[in-house]
Amino acid sequence: MKSVPIKVEHEGKWVPTTMGIGEDRFRIDAPLNTEIFYKSVVDLDEKKNQVVITAGAEGKTVYRVASVEKVLSVLKKFIIMQASAYRLNAYFMSPAVRGGVLIQDARWDKGAIAVMKTGIWFVSQEKQVCIPIGDVAGIELTSREIQEKDLNVVKIDHLSENEVVTSFVLCPMTTLQVLYNFLKEATRDSEVNEEIDPLTGQVAMLVYSGMDSSAIENMLKLSHKDLDAVYERLLEIGLAEVLYIRKEVQLTPKGVRYISDAVKSPIN
Amino acid sequence: MGRILIVDDTMFMRTLLKNILFSGGHDIVGEAADGAEALARYQELKPDLVTMDVVMPKVNGIEALKAIKAADPAAKVIMCTAVGQEQMVKLAVKSGARGYIVKPFQAPKVLEEVKSVLSA
């Protein structure tokens with residue numbers, strides 16, 4: 001097992017140590033002195049130059065490891081290919097659409113998909129893409145023209161750096177159906193079951209497109225109060241969250257005095 | 001910044017695009033609600049760029065794109081359509097479209113695409 005330098009979180013502090021990456025397990029040296037089989041890993045999450053590995057039957061042991069991209073990439077690949085997760089070989093295209101703009105040079109990568117506790121991982125020779133389950137905005141079984149044939153694909157809409165991104169997965173139909181059902185179940189919490197009236201739908205679409213309150217009021221000819229009522233509905237059904245609260249103010253006697261004085265001797 | 005013609009059969013989408021493009025400093029020189037009107041408006045206004053919906057009554061976006069390209073081979077057209085109609089991309093690109101936007105879209109990405117097509 002070749003050793004590589006890493007930092008591991010131990011008792012709330014980052015401690016420099018070494019890690020051995022083997023075929024079926026990895027080892028974290030002192031102060032942890034532990035060996036973890038990839039198949040015991042139940043979840044994998046990444047944050048910049050760190051990975052968070054959850055292992056054990058009840059997923060109680062969490063390891064936070066920081067290292068250079070090359071080391072983490074090898075470690076992630078072993079974990080994704082052997083961890084305790086729903087996994088299948090497939091082609092994937094991620095991202096295919098970003099913010100509504102089709103990525104013209106997007107291509108299909110041949111690799112594997114692993115659905116873990118908190119994320120969907122795509123891994124190929126060149127790429128490792130993680131879509132956190134909490135960021136999935138939609139799952140759809142649809143068709144897409146590939147090499148002049150209409151083929152079934154699973155379409156995943158997800159948020160990435162505040163942008164809505166679409167990714168596609170392609171594999172045989174029977175596996176695709178299983179993957180679709182699995183992902184549907186994993187993302188059941190974000191399904192919309194409530195009735196949305198047309199005005200609320202339009203406001204949601206404008207918020208999605210990046211319009212602010214005053215642009216929405218102008219576009220839909222709504223008063224501030226009417227728009228607030230629609231926002232309340234969006235908040236109530238969990239389709240939106242408060243970014244900040246806009247204030248309406250009136251002048252105090254001091255403010256009125258300032259304006260009166262300013263009119264007498266104009267300010268520039 | 002460019003002079004832009006917006007073509008879409010729904011007023012809501014035209015207004016949304018108008019707001020996005022205006023916020024990016026572009027000048028909206030005209031609007032059209034179908035492909036036939038798009039060609040007439042294009043010839044009249046000679047815009048720097050057209051955003052063209054694909055699915056429209058009378059003359060659809062692909063037909064209108066072909067007609068505009070026949071009248072002006074240098075025309076810059078960005079196609080705009082709903083999710084699930086991405087198959088139209090090849091046809092649109094083959095017919096001369098410079099870019100493709102999928103509804104629903106986000107303002108910063110639309111502005112990036114418009115900027116990239118205008119500067120190409």
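## The contact between the chains

In this predicted model, the contact between the two chains draws 21 residues from chain B and 20 residues from chain A. On the side of chain B that touches chain A, at least two residues are supplied by each of α1 (11-23), β5 (99-103) and α5 (107-119) of chain B. By class, the residues on this side of chain B comprise 12 nonpolar, five polar and four charged.

## Helices α1 and α5 of chain B

Two packed helices are described by the angle between their axes and the distance between the axes. For α1(B) and α5(B), the angle is about 70° and the axes lie 10 Å apart. Because angles of 65 to 115 degrees count as roughly perpendicular, α1(B) is described as roughly perpendicular to α5(B). The crossing of α1(B) past α5(B) is right-handed.

The residues that meet here are Ile20(B), Leu21(B) and Ser23(B) from α1(B), and Ala107(B), Val110(B), Leu111(B) and Val114(B) from α5(B). This contact of α1(B) with α5(B) holds six nonpolar residues, one polar residue and no charged residue.

## Helices α2 and α3 of chain B

From α2(B), the residues Gly35(B), Ala38(B), Leu39(B), Tyr42(B) and Gln43(B) take part in the contact, where they meet Gly61(B), Glu63(B), Ala64(B), Ala67(B), Ile68(B) and Ala71(B) of α3(B). The contact of α2(B) with α3(B) divides by class into seven nonpolar, three polar and one charged residues.

## Buried residues of helix α3

Helix α3 of chain B spans residues 61-71, and its buried residues are Gly61(B), Ile62(B), Ala64(B), Leu65(B), Ala67(B) and Ile68(B). The elements that cover these buried residues include the strands β1 (3-7), β3 (49-53) and β4 (77-82) of chain B, together with the helices α2 (35-45) and α4 (88-94) of chain B.

## Ala38 of chain B

Ala38(B) belongs to helix α2 of chain B. Ala38(B) has 29 C-beta neighbours inside 10 Å and therefore counts as buried, the cut-off being 20 or more. Leaving aside residues up to four places away in sequence, Ala38(B) touches Val7(B), Ala32(B), Val50(B), Met52(B) and Ala64(B).

Ala71(B) is one of the α3(B) residues in the contact with α2(B). Ala38(B) and Ala71(B) stand 33 residues apart in sequence, and their C-alpha atoms are 12 Å apart in space.

## The domains of chain A

Chain A is divided into domain 1 (1-84), domain 2 (85-191) and domain 3 (193-268). Taken over C-alpha atoms, the centres of domain 1 and domain 2 of chain A are separated by 25 Å.

Where these two domains meet, 12 residues of domain 1 of chain A are in contact with 11 residues of domain 2 of chain A. On the side of domain 1 of chain A that touches domain 2 of chain A, the elements giving two or more residues are β5 (41-47) and α1 (69-82) of chain A. The residues of that side of domain 1 of chain A divide into five nonpolar, two polar and five charged.

Conventions
Residues are numbered from 1 along each chain as its sequence is written. Chains are lettered from A and ligands numbered from 1 in the order in which they are written. This is a predicted model: local features need pLDDT of at least 70, side-chain atom pairs count only at pLDDT 80 or more; totals for chains, interfaces and linings use all residues. Domain bounds come from an automatic or database domain assignment. Two residues are in contact if their C-beta atoms, placed from the backbone, lie within 7 Å. Helices (H or I, at least four residues) and strands (E, at least two) are DSSP runs, numbered from the N terminus. Ala, Val, Leu, Ile, Met, Phe, Trp, Tyr, Cys and Pro count as nonpolar, Asp, Glu, Lys and Arg as charged, and the others, Gly among them, as polar. A residue is buried if 20 or more other C-beta atoms lie within 10 Å of its own, exposed if 12 or fewer, and partly exposed in between; C-beta atoms are placed from the backbone. Axes are lines fitted to C-alpha atoms, for helices over the stretch in contact, and angles run from 0 to 180 degrees between N-to-C directions. Angles under 35 degrees count as roughly parallel, over 145 as roughly antiparallel, 65 to 115 as roughly perpendicular and the rest as oblique. A crossing is left-handed if the near helix is turned anticlockwise from the far one by less than a right angle, and right-handed if clockwise.
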